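Me: I have a chain open on my screen and I'd like to learn how to read it. Can you walk me through it, feature by feature?

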Amino acid sequence: MKNMDLNLLPLLQVLLEVRNVTRTAERLKLSQPATSAALAKLRRHFDDELLVRSGRHYELTPFAQALVPVVDEAMLQIRRAIRIRSGFEPLTSTRGFTISASDYASALIVGPLRRILREEAPGVSVDFVPNSGFTGQLAELTRTDLLVGPVGYGMQGTHRELFRDGFVAVTGTGNELLARESLTLLDLASVPQAVGYIGDGILTPADRLFDDRGLKRNTAAVVSGFLALPTLVEDTDLVALVPRMLAARSQRGADIAILELADSGAAALVEALYWHPSLAEDPASMWLRSVVHRACYRLPEQWPAVVHPVAVGLGDARVTYVG
């Protein structure tokens, strides 16, 4: 990277991650013309296109793919240099942090986190970015200050449990399913379902709930993440399985019913904070982790759910695939 303008390095890291000029501009709060001009400078410097169109999307060139770990390591070293002998005063700081999280986790955390920041660090900003592109590798944690993700999916880095949740079924209050005197998981698998897609090959606790019992769901709609599911099923014949606190949050504004599982631990979800080991003793990172943890401490109390009187029985025996 000889003679390269180091001011372009953060932009290059984000560009290599999101592979899109518009999204890079949004992430860094830059104009699209300025971001395009920076990409042009980078292309001239490396004498490589870096991004090439493939259908409706962009892909990294082989050279750009080779740059990813080099740029991540360079940014890590720069952050380490900046932190040497540096302190952190939340009350007077104007620092910006980035937290990578799912739509579900972001929806729960942002409110209580903002209440703490207004009192303790009014000048600090925290941007939440999607973690759908993360594969769990340690190098990816150099791109963000913290990552919120589920335990049990091979995520690397240091982590600390943040909160626990479990899955429930949601459907519109007019769904005929609610008139039944008893319900089983087979009943849910048989009716049209809306399903949250997390990533290729990733099975959520809800997916495993059906798979472990040999049940194939009658999937009628698929959306990215969980956040849209509670409002999607409203006024339809659809059923969706979503985390309980998200269902309770959505119940305040949507005409939906919540069906609990007879075994509340059958589809447990544990969310944790992950960070790069190099940040373990960094004062700003330690403060941020503490604030996020405090923001999540009373989440279950904040989002109590009004549940339907009939719980969904799970049964012990495997059944034949349906659908």
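Reply: Let's begin with contacts: two residues are in contact when they have heavy atoms within 4.5 Å. Among contacts in this chain between residues at least 6 apart in sequence, 77% join residues at least 24 apart. Keep in mind that this is a predicted model.

Me: What does the chain contain in helices and strands, and what does its C-alpha trace span?

Reply: You'll find 11 helices and 13 strands. Along the principal axes, the C-alpha trace spans about 75 × 50 × 35 Å. The chain has 323 residues, and 47% of them count as buried.

Me: Where is confidence lowest, and where is it highest?

Reply: Helix 4 (residues 62-83) has the lowest confidence, with a mean of 78, while strand 10 (residues 239-243) has the highest, at 96. The chain's average pLDDT is 86, and 93% of the residues score at least 70. Watch residues 316-323, though: pLDDT stays under 50 there, and the model has 16 contacts beyond four places in sequence for them.

Me: Now the inside. Which residues touch the most other members of the largest nonpolar core?

Reply: The general idea is that in soluble globular proteins, nonpolar side chains tend to be buried together. Here the largest nonpolar core has 70 residues, and the ones touching the most other members are Ile109, Phe163, Val170, Leu188, Trp287 and Val292. There is also a second, separate core of 20 residues, which includes Phe46, Leu50, Leu60 and Met75.

Me: What is tryptophan 287 in contact with, leaving aside its neighbours within four places in sequence?

Reply: Its partners are Phe88, Pro90, Phe97, Leu117, Glu120, Ala121 and Val124.

Me: Some of those are aromatic. How many aromatic pairs does the structure hold?

Reply: Seven. One of them joins phenylalanine 88 and phenylalanine 97, with ring centres 6.0 Å apart and 75° between the planes, an edge-to-face pair. Both of these phenylalanines are buried. The rings of phenylalanine 97 and tryptophan 287 have their centres 6.1 Å apart and their planes at 40°, so that pair is tilted. Phenylalanine 97 sits in strand 3 (residues 96-101) and tryptophan 287 in helix 10 (residues 283-296), so the pair ties together parts that are 190 residues apart in sequence. Elsewhere, Tyr104, Phe163, Phe167 and Phe226 make up one aromatic cluster.

Me: How do I read a helix? Which residues of helix 2 are buried?

Reply: An α-helix has 3.6 residues a turn, so residues three or four places apart point the same way. In helix 2 (residues 21-28), the buried residues are Val21, Thr24, Ala25 and Arg27. Viewed down the axis of helix 2, they fall within an arc of 165°, so they line one face of the helix. Those buried residues pack against helix 1 (9-18), helix 3 (32-46) and strand 4 (125-130).

Me: And what happens at the start of helix 2, and what follows it?

Reply: At the start, a side-chain oxygen of asparagine 20 comes to within 2.9 Å of the backbone nitrogen of threonine 22. Lysine 29 follows helix 2, and its phi is positive, near 60°.

Me: Where else is phi positive in a residue other than glycine?

Reply: The background is that most residues other than glycine have a negative phi. Leucine 50 has a phi near 65°, and aspartate 235 has one near 60°.

Me: Are those two buried or exposed?

Reply: Leucine 50, in the loop between helix 3 and strand 1 (51-54), is buried, with a relative accessible area of 1%. Aspartate 235, in the loop between helix 8 (229-233) and strand 10, is exposed, with a relative accessible area of 69%.

Me: What about charged side chains? What does the side chain of aspartate 207 make a polar contact with?

Reply: With the side chain of arginine 217, at 2.3 Å. Aspartate 207 lies in helix 7 (residues 205-211). Buried means under 20% relative accessible area, so at 11% aspartate 207 counts as buried.

Me: And arginine 160?

Reply: Arginine 160 is in strand 6 (residues 158-172) and counts as partly exposed, at 39% relative accessibility. Its side chain makes a polar contact with the side chain of histidine 293 (3.5 Å). Arginine 160 and alanine 272 are 112 residues apart in sequence, yet 5.4 Å apart in space, C-alpha to C-alpha.

Methods: Residues numbered from 1 in each chain as written. Predicted model: local features only at pLDDT ≥ 70, side-chain atom pairs only at ≥ 80, totals over all residues. Heavy atoms only, no water. Core = buried A, V, L, I, M, F, W, Y, C linked by side-chain atoms within 4.5 Å. Buried < 20%, exposed > 50% of the residue type's maximum accessible area, 1.4 Å probe, protein only. pLDDT = per-residue confidence, 0-100. Helix = DSSP H or I, 4+ residues; strand = E, 2+ residues; numbered from the N terminus. Polar contact = N/O pair within 3.5 Å; in protein donor to acceptor, adjacent residues only side chain to side chain. Arc of directions from axis to C-beta. Phe/Tyr/Trp six-rings, centres within 6.5 Å; stacked < 30°, edge-to-face > 60°.
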